[in-house]
Amino acid sequence: MHPNSPTAALVVALAAFSAQACASQYYIDCSQTGAGDGSLEAPWNSLSLASAQTFAPGDVLALKAGTTCTGTLSPQGVGTASQVITITAYGSGDNPIINAAGATAGITLTNQDYWLISSLTVTNPASSLAARQGIHVTASDGKTHTGITIDSNTVHHVAGQTNKATHSADFVLSCGILVDTTNTGSRYDNVLVQNNNVNNCGGGGIKVRVGAMNNLGAQAHVTKNNISACGGDGIIISYSDTPLIGDNVASDLGTGAYPWTGGNLAGMWVLGDHNPTIAHNVVYGNIMSQVDSEAFDCDWGNTGNCTVEYNYSRDNAGGAFLNCDGCGTSGGAAQIVRYNVFENDCRMYSNGNKPTMYFYQNV
């Protein structure tokens with residue numbers, strides 16, 4: 001069969017249709033009394049029922065708008081680039097709510113590829129602090145995973161750890177949205193966290209750590225998010241090749257329902273990355289932590305150029321910019337700080353060992 005013949009085109013079209021036809025839609029309505037089978041007519045009534053399902057490429061798992069589910073959603077399965085598995089809402093009304101009620105996280109994905117999480121509200125309150133998240137995506141199997149998108153969710157009131165000085169390990173794992181890796185060789189490529197509203201989360205807003213110094217994840221992007229009143233850092237991207245922190249707003253860090261209690265915090269920063277960019281962001285109102293509290297930070301282990309440009313910051317207790325190349329293993333990235341507006345941010349702090357700084361055309 002010639003590859004350009006009408007018959008060949010028909011075979012390709014039929015194959016695509018067949019793949020789409022295999023995809024299924026599943027539903028959760030936690031207001032129902034019966035367990036259900038996951039259909040629209042008889043939806044599951046708990047997160048545990050959905051978590052027992054292994055989803056196929058193209059499947060959709062939808063939670064009913066205006067309802068609340070308690071516990072943790074941990075669905076199984078792996079999507080593909082052309083058929084992403086989606087968790088979202090159905091029906092009219094407010095976002096469906098997942099209340100983790102003090103569990104480690106409200107939504108977890110582990111060693112999975114090509115998932116989209118969208119249009120949900122996740123909360124995780126508790127009476128005491130611990131390593132907690134709202135949404136947590138992680139890789140731990142020593143392999144490369146890809147294709148995670150977390151888009152247009154609200155994450156709030158997560159009782160994460162707020163004291164980096166005395167509980168550093170738990171603080172690192174605490175925030176509204178966490179993407180991370182553990183164990184040698186584990187990596188995430190093509191992570192996109194966008195259009196989310198994150199507030200009142202202990203430990204910080206959004207933390208994305210997608211690999212290791214010798215195994216960088218490709219192109220982690222955190223864009224167009226709004227982070228406010230979180231007791232820790234606003235946004236961090238670590239161990240990525242050409243990551244972007246762009247078009248975000250972070251405000252009043254260190255405050256909120258779970259306020260900062262020890263150690264350092266900063267607005268938006270990068271660590272262990274190659275050619276990271278922090279651009280078109282707004283940071284304001286950081287309270288003073290132990291040392292830092294700047295709006296922007298090129299931290300240790302970066303290589304290539306760390307570029308901070310076209311941002312606006314104001315009224316941050318720690319000032320505008322931190323060169324922290326000497327805070328750990330020095331990478332020596334050139335730090336380019338340009339075209340920014342800093343208002344009432346009258347400090348830059350530096351303990352870098354190697355990098356050259358280019359600081360020009362800022363106001």
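1. The link between Cys-324 and Cys-327 is left-handed, with -60 degrees about the S-S bond, and the two sulfur atoms of this disulfide (a pair of cysteine sulfur atoms within 2.5 Å) are 1.5 Å apart. Cys-324 is buried at a relative accessible area of 5%, whereas Cys-327 is partly exposed at 39%; buried means under 20% relative accessible area, exposed over 50% and partly exposed in between, with a 1.4 Å probe and protein chains only.

2. This is a predicted model, in which local features need pLDDT of at least 70 and side-chain atom pairs count only at pLDDT 80 or more, while totals for chains, interfaces and linings use all residues. Residues are numbered from 1 along each chain as its sequence is written, and side-chain values use heavy atoms, with hydrogens and water left out.

3. The whole structure holds three disulfides, and counting bonded cysteines along the chain gives the pattern 1-2, 3-4, 5-6. One of them joins Cys-30 to Cys-69 with an S to S distance of 1.9 Å, and its torsion of about 100 degrees about the S-S bond makes it right-handed.

4. Cys-298 and Cys-306 are also joined, with their sulfur atoms 2.0 Å apart, and this link is left-handed at -85 degrees about the S-S bond. Cys-298 is buried, with a relative accessible area of 1%, and Cys-306 is buried at 0%.

5. Cys-175 is buried at 0% relative accessible area, and its sulfur lies 7.7 Å from the closest cysteine sulfur, that of Cys-201, which is too far for a bond. Cys-346, by contrast, is exposed, with a relative accessible area of 77%.
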